[in-house]
Amino acid sequence: MALAARDGRLIVNADALQVFDGWRIVTARPSKEDEARAPHLLYGHVPFDADYSVGAWLAEVSAILNSGQRPIIVGGTGLNLTALTQGLAEIPPTPPEIRREADQIPLPDLVAALDPRTAGRIDLNNRMRVQRAYEVWISTGRSIADWQDDTPPPVLPLEKAHALVLDAPKEWLNPRIALRFDLMIADGALDEARAMLPHWNPDAQSSKAIGAPELIAHLQGKLALDDAIALAVIASQQYAKRQRTWFRSRMQGWTRVPCLSTG
């Protein structure tokens with residue numbers, strides 16, 4: 001916010017879930033007050049029941065960059081950021097019938113279907129990534145590793161950006177994750193979930209927001225609120241661990257900014 005105000009820059013979202021409407025609090029989108037203080041783009045602009053891909057995000061960011069505006073691109077989705085700075089393979093979209101079939105296949109069977117090169121490049125515990133790789137293989141006849149090897153040049157090469165990655169070790173971050181979810185509840189996350197309950201579809205992309213399934217389960221009478229909060233905190237901490245792994249392995253050329261031990 002300070003850089004945007006000082007340099008007259010836009011703040012552009014790189015988080016894969018903050019693009020959706022309906023879950024402002026749970027996805028920790030900027031507040032309306034912050035949005036009024038500085039220009040924000042690509043936040044909450046996609047309907048909560050729509051699909052949205054890395055490629056679609058990259059096209060929108062490309063248009064912003066080509067307009068001559070000076071963005072500050074922020075967010076925690078490593079795939080978006082590496083696609084921006086390293087390039088994105090132009091893989092055809094998955095036919096709906098193949099996705100429906102893949103939705104029913106257990107994760108171990110999806111993993112077993114992958115070629116060794118693809119299996120060595122992705123988090124095999126991340127169903128979304130594994131299923132995507134499986135769908136690409138079935139729908140195109142080529143492995144996702146082959147597609148990635150034919151990646152075109154990046155929209156924003158790393159050497160043309162000031163690329164910063166926040167180094168947040170778990171002993172610093174985990175207590176803050178727990179505190180943040182308590183603050184979300186205090187700010188109205190449960191009311192937000194209640195408003196989304198009539199529209200709930202667990203298969204929608206926006207429903208993958210950490211905390212959304214847990215709060216919906218509470219409202220459906222399946223979980224006590226304390227249990228829902230505890231599960232959401234654990235899921236956030238597990239996601240942060242996957243982020244740290246991604247940052248180490250895929251963002252080695254970025255400048256690391258250490259977190260302070262206090263404050």
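Helices (H or I, at least four residues) and strands (E, at least two) are DSSP runs, numbered from the N terminus. By that count, the protein chain has 13 helices and five strands. The radius of gyration, taken over C-alpha atoms, is 19 Å, close to the 18 Å that the globule rule gives for 263 residues, so the chain is as compact as a globular protein of that length. The globule rule is 2.2 Å times the number of residues to the power 0.38.

A word on the model comes next. This is a predicted model, in which local features need pLDDT of at least 70 and side-chain atom pairs count only at pLDDT 80 or more, while totals for chains, interfaces and linings use all residues. Residues are numbered from 1 along each chain as its sequence is written, and side-chain values use heavy atoms, with hydrogens and water left out.

Now take the whole chain. Its C-alpha atoms fill a box of roughly 50 × 50 × 35 Å along the principal axes. Of the 263 residues, 39% are buried. Buried means under 20% relative accessible area, exposed means over 50%, and partly exposed lies in between (1.4 Å probe, protein chains only). Contact means heavy atoms within 4.5 Å. Among contacts with a separation of 6 or more, 72% link residues 24 or more positions apart.

Is Asn13 buried or exposed? Its relative accessibility is 0%, so Asn13 counts as buried. A polar atom of its side chain lies 2.7 Å from the backbone nitrogen of Asp15. Beyond four places in sequence, Asn13 touches several residues, including Gln18, Leu42 and Tyr43.

Gln18 lies in the loop between S1 and helix H2 (32-37). Gln18 has 11% relative accessibility and therefore counts as buried. Its contacts beyond four places include Asn13, Ala28, Leu42 and Tyr43.

Leu42 belongs to the loop between S2 and H3. With a relative accessible area of 10%, Leu42 is buried. Its phi is positive, about 65°, although Leu42 is not a glycine. Ala28, a contact of Gln18, also has a positive phi, near 60°, and is a residue other than glycine. Ala28 lies in the loop between S1 and H2. With a relative accessible area of 30%, Ala28 is partly exposed.

Tyr43 is in the loop between strand S2 (40-41) and helix H3 (54-66). Its relative accessible area is 11%, so Tyr43 is buried. Among the residues that Tyr43 touches beyond four places are Ile11, Asn13, Gln18 and Val74. Asn66 is 23 residues from Tyr43 along the chain, and their C-alpha atoms are separated by 19 Å.

Where does Gln148 lie? Gln148 is in helix H9, residues 144-149. At 31% relative accessibility, Gln148 is partly exposed. Leaving aside neighbours within four places, Gln148 is in contact with Ala89 and Arg121. The side chains of Gln148 and Arg121 are joined by a polar contact of 3.1 Å. A polar contact is a pair of N or O atoms within 3.5 Å; within protein, one must be able to donate a hydrogen and the other to accept it, and residues adjacent in sequence count only if both atoms are side-chain atoms. Thr118 is 30 residues from Gln148 in sequence, and 9.6 Å away in space, C-alpha to C-alpha.
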